Amino acid sequence: MTKNLDIIIWSKQGCSYGEEIKTYLQERHISYKTVVVMSNDIFRDILDIKYGVRHVPVVEIGSSETGIYRAVTAIGLEHLQKALAVNLPSYA
């Protein structure tokens, strides 16, 4: 993948792990978008269809140009770090 990746964080307000992810990306100057799932079950339905999970946070890494995204669904910053090392080696 290229450096022209989209990163989307599906999260809810008050989630400490979601905030940890955002801080991690901000410190590395990696831009991202956020989808807030609170009070909107359709977003959880979308995550269930796409990745088989209904929990957040979920971090999608991919390209809007290709429409191909992969998700980090496991809890723990090390999982995001591993995904970024593959997709953005200079930022990991």
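**View 1. Serine 39 sits in the loop between β2 and α2.** Serine 39 has a positive phi of about 60 degrees although it is not a glycine. With a relative accessible area of 84%, serine 39 is exposed. Exposed means over 50% relative accessible area, buried means under 20%, and partly exposed lies in between (1.4 Å probe, protein chains only).

Before you go on, please note that this is a predicted model, in which local features need pLDDT of at least 70 and side-chain atom pairs count only at pLDDT 80 or more, while totals for chains, interfaces and linings use all residues. Residues are numbered from 1 along each chain as its sequence is written, and side-chain values use heavy atoms, leaving out hydrogens and water.

**View 2. Histidine 29 lies in the loop between α1 and β2 (33-36).** Histidine 29 counts as exposed, at 71% relative accessibility.

**View 3. Helix α1 (residues 16-27) packs with helix α3 (residues 77-87).** Their axes are 10 Å apart, at an angle of about 35 degrees. Such axes are lines fitted to C-alpha atoms, for helices over the stretch in contact, and angles run from 0 to 180 degrees between N-to-C directions. The crossing of α1 past α3 is right-handed, a label used when the near helix is turned clockwise from the far one by less than a right angle. On the α1 side look for Tyr17, Glu20, Ile21, Tyr24 and Leu25, which meet Leu77, Leu80, Gln81 and Leu84 in α3.

**View 4. The largest nonpolar core has 17 residues.** A nonpolar core is a set of buried Ala, Val, Leu, Ile, Met, Phe, Trp, Tyr and Cys residues joined through side-chain atoms within 4.5 Å. Ile7, Ile21, Leu25, Val59, Ile61, Leu80 and Leu84 touch the most other members. Two or more residues come from each of β1 (6-11), α1, β3 (58-63) and α3. Apart from this core lies another, of eight residues, among them Trp10, Val53, Val56 and Val58.

**View 5. Serine 11 is a residue of strand β1.** Its relative accessibility is 2%, so serine 11 counts as buried. Leaving aside neighbours within four places in sequence, serine 11 is in contact (heavy atoms within 4.5 Å) with Lys22, Thr34, Val35, Val36, Val37 and Val56.

**View 6. Glutamate 19 and lysine 22 join their side chains in a salt bridge.** A salt bridge is a side-chain nitrogen of Lys or Arg within 4 Å of a carboxyl oxygen of Asp or Glu, and by this rule the count comes to four. For this pair the N to O distance is 3.6 Å. Both residues, glutamate 19 and lysine 22, lie in helix α1, three residues apart, about one turn of the helix. Glutamate 19 is partly exposed at 39% relative accessibility, whereas lysine 22 is buried at 13%.

**View 7. Aspartate 45 and arginine 54 form a salt bridge at 2.7 Å, N to O.** Aspartate 45 counts as partly exposed, at 32% relative accessibility. Arginine 54 is partly exposed too, at 36%.

**View 8. A cis peptide bond runs from valine 56 to proline 57.** Its omega is near 5 degrees. You can find proline 57 in the loop between α2 (41-51) and β3.

Terms used. Helix = DSSP H or I, 4+ residues; strand = E, 2+ residues; numbered from the N terminus.
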